[in-house]
Amino acid sequence: MVYNCKCSKAKYQLEGKKMKVERFIKEYAKFQIDCIKGNEFIKEEVKEEALAKIDKILKHKENGFVTVDETIRTILNVFE
């Protein structure tokens, strides 16, 4: 979401912050996915549920149904 402002510099700063947050979410999700897949102590059924939950929250974030905070919190607490 870009706010309408008269200063074009501020507009680009807001766009840049949004891109950084989106990139952080994708990289954090990828890190969690790799950790889950690489953990041999987790049962396969639990792994599949956790990976599906991460995939689902990322799709909801892309569609704008959830906020950044909810996305990060869900990825962090994927096993709860």
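E44 and K47 are both part of helix α2, where three residues, about one turn of the helix, separate them; helices here are DSSP runs of H or I, at least four residues long, numbered from the N terminus. Their side chains meet in a salt bridge at 3.7 Å, N to O, the term meaning a side-chain nitrogen of Lys or Arg within 4 Å of a carboxyl oxygen of Asp or Glu. E44 is partly exposed at 47% relative accessible area, whereas K47 is buried at 8% (buried means under 20%, exposed over 50% and partly exposed in between, with a 1.4 Å probe and protein chains only).

## Basis of the model

The model is predicted, with local features needing pLDDT of at least 70 and side-chain atom pairs counting only at pLDDT 80 or more, while totals for chains, interfaces and linings use all residues. Residues are numbered from 1 along each chain as its sequence is written, and side-chain values use heavy atoms, leaving out hydrogens and water.

## Salt bridges in helix α1

Five salt bridges are found in the whole structure. One of them joins R23 and E27 at 2.7 Å, N to O, and these residues lie four apart in helix α1; R23 is exposed at 59%, and E27 is partly exposed at 44%.

## The nonpolar core

The largest nonpolar core has 11 residues, among them I25, A29, L58 and I75; such a core is a set of buried Ala, Val, Leu, Ile, Met, Phe, Trp, Tyr and Cys residues joined through side-chain atoms within 4.5 Å. Helices α1 (8-38) and α2 (44-63) each supply at least two of its residues.
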